[in-house]
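Here is a short briefing on one protein chain. Look over the sequence and the fold before reading the points below.

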Amino acid sequence: MELEWPACLNEFEKLILRMDTPRVAIDNAVCPNSTLVKVDSARKHGILLEAVQVITDLNLSIKKAYISSDGRWFMDVFHVTDLNGNKLKDESVISYMEQSLGSIHFTRSCEYKGVTALELRGTDRIGLLSEVFAVLADLNCTVVDAKVWTNNGRIASLIYVKDCDSGCEIEDSQRIRRIEARLRPVLKGDNDIRSAKSIVSMAVTHTERRLHQMMFDDRDYERTTSTSSVKYDFPDVNVQNWIERGYSVVNIQCKDRPKLLFDVVCTLTDMEYVVFHATINTQGSRAYLEFYIRHTDGTPISSDAERQRVVQCLQASIQRRASQGVRLELYTEDRSCLLADVTRTFRENCLNVARAEISTTKDMALNIFYVTDAEGYTPDSKTIDAVREKIGLSNLKVKELPMIYHQNAERDEAGAGVGGAMLLSLGSLVRKNLINLGLIRSYS
């Protein structure tokens, strides 16, 4: 990728910029079942998160990865597929990914422009979203985009709105205060022991990272007796110190899913830990992640209390996006009060929205809801049928989760042939470094 230098830079500044610019190589010929993405970069805090963010924002799946840092240099090797487990074929996607990875050192602009971002968090309960969207409709706000996460009895949401009449962002300070004031009691509910919050954010650079930060600030990782995760595949997280090497070693085993690596790395980064080495592998529906981390000051985890906090925070980061209940997709012409009407129907049928992704394109709305019953379990088919009949059978459909697991994962080893030998040579710099340091075992 050729760099276009600003005219104001002198030769020394160009040299520094060239040294800091990541080198990206994307190869589709090496591995038979995945696209190899290699990123070499000067090491800085957060660089791994930015690289993973670029890949996952394209709705791509990372099946394997090897991360290694040597002094001030950082090397990432990712094995990437689409959500159906196929290697990448769209040249426009490959080109965009290469350009984006090559510019991750530079400042990113806001993710959304021309809209007003509402940050909401409070106690999760059935009907909460129905009340939120009803308030926004009453205040003449059009929801353009939104993401909603729930975990451990808490809810966090980023909702992007415009003025219904003008189609512009809402900038009037009095109106903004009125929106915040109307939403705050809705989020608090009757017995919220924590403070509910509704604020207008001026700059959200990445929605999902901000949602992680909001739920972390809300301490959703502190499990309560009123919420149970035994009915789901709870992630196994173990943290130990390797005193001789000065690392804290984090091992995670859990169900594989899209954006899993992003969620884990995002949490480690926001907790001010630096990932020096890592290996990520998936086998069938399972994911195995190992990280060698230190604080930003170079020290490992120092106490049992801190170790336990890391375990809880990583488990929470994985659970926030876990697919619970039934996935419903609503694709219909957008209209005023659409979200208020749909979520009211969910409430009337005792369905809770565990997660939601709201989007609009031109005059069409595509809304994805993951719904459970009042106890957090999968709702029965009669309830789902009743909801679909009320909203419209042709508009609201039950969708299976994307096929993110490659059905023949063993083919990576068995069918590699010459490509497998090339893959081994290309990945040897990272893997050999990890093996020599004693961070991973040599394996075939």
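Predicted model: local features only at pLDDT ≥ 70, side-chain atom pairs only at ≥ 80, totals over all residues.

The protein holds twelve helices and 16 strands. Of its 444 residues, 50% are buried. Among contacts with a separation of 6 or more, 74% join residues 24 or more positions apart.

- Helix α4 spans residues 128-138.
- Its buried residues are Leu-128, Leu-129, Ser-130, Val-132, Phe-133, Val-135 and Leu-136.
- Which elements cover them? Strands β5 (116-123), β6 (141-151), β7 (154-163) and β14 (352-361) are included in the cover. So are helices α5 (173-188) and α9 (338-348).
- Just after α4, Asn-140 adopts a positive phi of about 65 degrees.

**Helices α4 and α9**

- The axes of α4 and α9 come within 8 Å. They cross at roughly 155 degrees.
- Angles over 145 degrees count as roughly antiparallel, and α4 and α9 are therefore roughly antiparallel to each other.
- Is their crossing left-handed or right-handed? The crossing of α4 and α9 is left-handed.
- From α4, the contact takes in Leu-129, Ser-130, Phe-133 and Ala-134. From α9 come Leu-339, Ala-340, Thr-343, Arg-344 and Arg-347.
- By class, the contact of α4 with α9 has five nonpolar, two polar and two charged residues.
- Leu-129, Ser-130 and Phe-133 are listed among the buried residues of α4, and each of them also takes part in the contact with α9.
- An α-helix has 3.6 residues a turn, so residues three or four places apart point the same way.

**Helices α2 and α3**

- Helix α2 covers residues 47-57, and helix α3 covers residues 91-101.
- Their axes come within 10 Å and cross at roughly 160 degrees. That makes α2 roughly antiparallel to α3.
- The crossing of α2 past α3 is right-handed.
- Ala-51, Val-54 and Ile-55 of α2 meet Met-97, Ser-100 and Leu-101 of α3.
- Five residues of the contact of α2 with α3 are nonpolar and one is polar. No charged residue is part of it.

**Aromatic pairs**

- How many aromatic pairs does a search of the whole structure find? It finds five.
- Tyr-247 and Tyr-292 are both buried.
- Ring pairs also join Trp-242, Tyr-247, Phe-276 and Tyr-292 into a cluster.

**Thr-267 in helix α7**

- Thr-267 belongs to helix α7, which runs over residues 260-270.
- Is Thr-267 buried or exposed? Its relative accessibility is 6%, so Thr-267 counts as buried.
- Leaving aside residues up to four places away in sequence, Thr-267 touches His-212, Cys-313, Leu-314, Ser-317 and Arg-320.

How values were computed
Residues numbered from 1 in each chain as written. Heavy atoms only, no water. Axes fitted to C-alpha atoms, helices over the stretch in contact; angles between N-to-C directions. Helix = DSSP H or I, 4+ residues; strand = E, 2+ residues; numbered from the N terminus. Parallel < 35°, antiparallel > 145°, perpendicular 65-115°, else oblique. Left-handed = near helix turned anticlockwise from the far one by under 90°. Contact = heavy atoms within 4.5 Å. Nonpolar A, V, L, I, M, F, W, Y, C, P; charged D, E, K, R; others polar. Phe/Tyr/Trp six-rings, centres within 6.5 Å; stacked < 30°, edge-to-face > 60°. Buried < 20%, exposed > 50% of the residue type's maximum accessible area, 1.4 Å probe, protein only.
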